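Q: Please take a close look at a single part of this model. I want the charged side-chain contacts, with every cut-off spelled out.

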Amino acid sequence: MISQPSRHCTVELQALPSRIGQVRRIVSAQLRYWHLDPLIDRAALGVTELLTNVHRHAEPDKTCTVEIELLLDRLTVSVHDNDPRLPMVEKAEPFATCGRGLAMVAAMSESWGVRPNGESGKVVWFTLPASSTALAPPNRPPYGTSREAPARRFGADGRRPEHAPARSAVAG
């Protein structure tokens, strides 16, 4: 259900791997609709990590609700589930294949947290800045230009270097 004209979107789901990908696409599309394209990657990463935690750890079921809300200059993404146990950030071993999700959410977000939701559930959330300065594209030179002095892009004799002919990586 997408509310109009407020900036609020709610998705209810079973936190199964196939549904996690669908919710990631819904979040991306909603942010694109709100013209918040610079936030898409971080929001999609964060919601993926939170839903993966529900899939791996939540009991008695995997039912949850994802909510994204834009208020003033802050985007809040939250995941509500029916498991009252609160997650903790733990230090993962260097070669561990899991256990870094909340640390990644903390690193890529402006703030994050967890709170009980009634007697049998919790809400895990994170925020991203959505101000015009936070959304401004990075100050990079246009494609194909360089900040280096032009003499460095040419050979010592002042001419462009010869380019090798293109080769295909496909045999045949």
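**Salt bridges**

A: Arg-74 is partly exposed, at a relative accessible area of 34%. The terms run as follows: buried is under 20%, exposed is over 50%, and partly exposed lies in between (1.4 Å probe, protein chains only). The model is predicted, so local features need pLDDT of at least 70 and side-chain atom pairs count only at pLDDT 80 or more, while totals for chains, interfaces and linings use all residues. Numbering starts from 1 along each chain as its sequence is written, and side-chain values use heavy atoms, without hydrogens and water.

The structure has three salt bridges (a side-chain nitrogen of Lys or Arg within 4 Å of a carboxyl oxygen of Asp or Glu).

Start with Arg-74, whose side chain meets that of Glu-110 at 2.8 Å, N to O. This pair links distant parts of the chain, 36 residues apart. Arg-74 sits in strand S4 (residues 74-81), and Glu-110 in the loop between helix H3 (101-108) and strand S5 (111-116). Helices (H or I, at least four residues) and strands (E, at least two) are DSSP runs, numbered from the N terminus. Glu-110 has 40% relative accessibility, so this residue too counts as partly exposed.

Strand S4 also holds Asp-81, the partner of Lys-122 in strand S6 (residues 122-129).

The remaining pair is Asp-83 with Arg-85, closest N and O atoms 2.6 Å apart. Asp-83 is at 3% relative accessibility and therefore counts as buried. Arg-85, at 46%, counts as partly exposed.
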